[in-house]
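I am opening a notebook on this structure and will write down what I looked up, entry by entry. The sequence and the model come before my notes.

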Amino acid sequence: MNSSFIKLYVVFGLFWANFFLIPVLGYYANSLVGYSIFTFFVVLLPLYVLCGKDVLEHLSTASLSKKHAYIAWLIASLPTLLFGLLAVGIAIAIILWVLYNFLIERQPEFTGGAIFGGFGIAPIILYFGLRSLKALWVKSSNA
């Protein structure tokens, strides 16, 4: 087994162990919760994303059983899947908010100017999210 797979499994285990450790620390040791949250978001989440990217690149060349390859793909693609879905959801919400304000009723909170300026960065976020999701299921030669 490649070392990138081992790194992914270790980071994945630490990621979820820390995720479940945060409420336990909050109950028993309030002063350590901040360190645990910092470790979760600043250390383990980026490591998980990077290790997942490495495994997804090595998965096509690795000689693994079909079951092990599927489990590795599932664990490695989870951050990309979540970030892609989150980006698509946020972009669609922004686009719907702009269209609602231009076509139905202008809200006082809405400060959008011209029609294309009102969308802001939403089309780019939508493109990023769709490309991230497409990259999970389409081989890189076809993407």
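This is a predicted model: local features need pLDDT of at least 70, side-chain atom pairs count only at pLDDT 80 or more; totals for chains, interfaces and linings use all residues.

**Entry 1: helix 2 against helix 3**

I began with the residues that join two helices, and I found that L45, Y48, V49, G52, V55 and L56 of helix 2 meet A72, W73, I75, A76, S77, L78, P79 and F83 of helix 3. I sorted this contact by class and noted 12 nonpolar, two polar and no charged residues. For these classes, Ala, Val, Leu, Ile, Met, Phe, Trp, Tyr, Cys and Pro count as nonpolar, Asp, Glu, Lys and Arg as charged, and the others, Gly among them, as polar. Contact here means heavy atoms within 4.5 Å, and helices are DSSP runs (H or I, at least four residues) numbered from the N terminus.

Residues are numbered from 1 along each chain as its sequence is written, and side-chain values use heavy atoms, with hydrogens and water left out.

I then turned to the geometry of this pair. Two packed helices are described by the angle between their axes and the distance between the axes. The axes of helix 2 (residues 33-58) and helix 3 (residues 66-103) come within 8 Å and cross at roughly 125 degrees; axes are lines fitted to C-alpha atoms, for helices over the stretch in contact, and angles run from 0 to 180 degrees between N-to-C directions. Helix 2 and helix 3 are therefore oblique to each other, since angles under 35 degrees count as roughly parallel, over 145 as roughly antiparallel, 65 to 115 as roughly perpendicular and the rest as oblique. I also noted that their crossing is left-handed, that is, the near helix is turned anticlockwise from the far one by less than a right angle.

**Entry 2: along helix 3**

I followed helix 3 and came to a kink of about 45 degrees at S77, shortly before the proline P79; the bend at a residue is the angle between axes fitted to the seven residues ending there and the seven starting there. I listed the buried residues of helix 3 as A72, W73, I75, A76, S77, P79, G84, A87, V88, A91, V98 and N101, where buried means under 20% relative accessible area, exposed over 50% and partly exposed in between (1.4 Å probe, protein chains only).

Leaving aside neighbours within four places in sequence, W73 is in contact with L56, L59, L136 and W137. I also checked W73 against L103, 30 residues along the chain, and found their C-alpha atoms separated by 43 Å.

**Entry 3: helix 3 against helix 5**

Helix 3 and helix 5 (residues 122-137) pack at an angle of about 155 degrees, with their axes 8 Å apart, and are therefore roughly antiparallel to each other. Helix 3 passes helix 5 in a left-handed crossing. The residues of this contact include W73, S77 and G84 of helix 3, and L136 and W137 of helix 5. By class, I noted 17 nonpolar, five polar and no charged residues.

**Entry 4: helix 1 against helix 2**

Helix 1 and helix 2 pack at an angle of about 155 degrees with their axes 8 Å apart, and they are therefore roughly antiparallel to each other. Their crossing is left-handed. By class, this contact has 18 nonpolar, seven polar and two charged residues.

Within helix 1 (residues 3-28) I looked up L14, which counts as partly exposed because its relative accessibility is 46%. L14 and F40 are 26 residues apart in sequence and 9.0 Å apart in space, C-alpha to C-alpha. G13, also placed in helix 1, is partly exposed with a relative accessible area of 36%. G13 and Y48 are 35 residues apart in sequence and 9.9 Å apart in space, C-alpha to C-alpha.

Is N18 buried or exposed? N18 counts as buried, at 7% relative accessibility. Not counting residues up to four places away in sequence, N18 touches S36, T39, F40 and L44.

The C-alpha atoms of S60 and I6, 54 residues apart along the chain, are separated by 16 Å.
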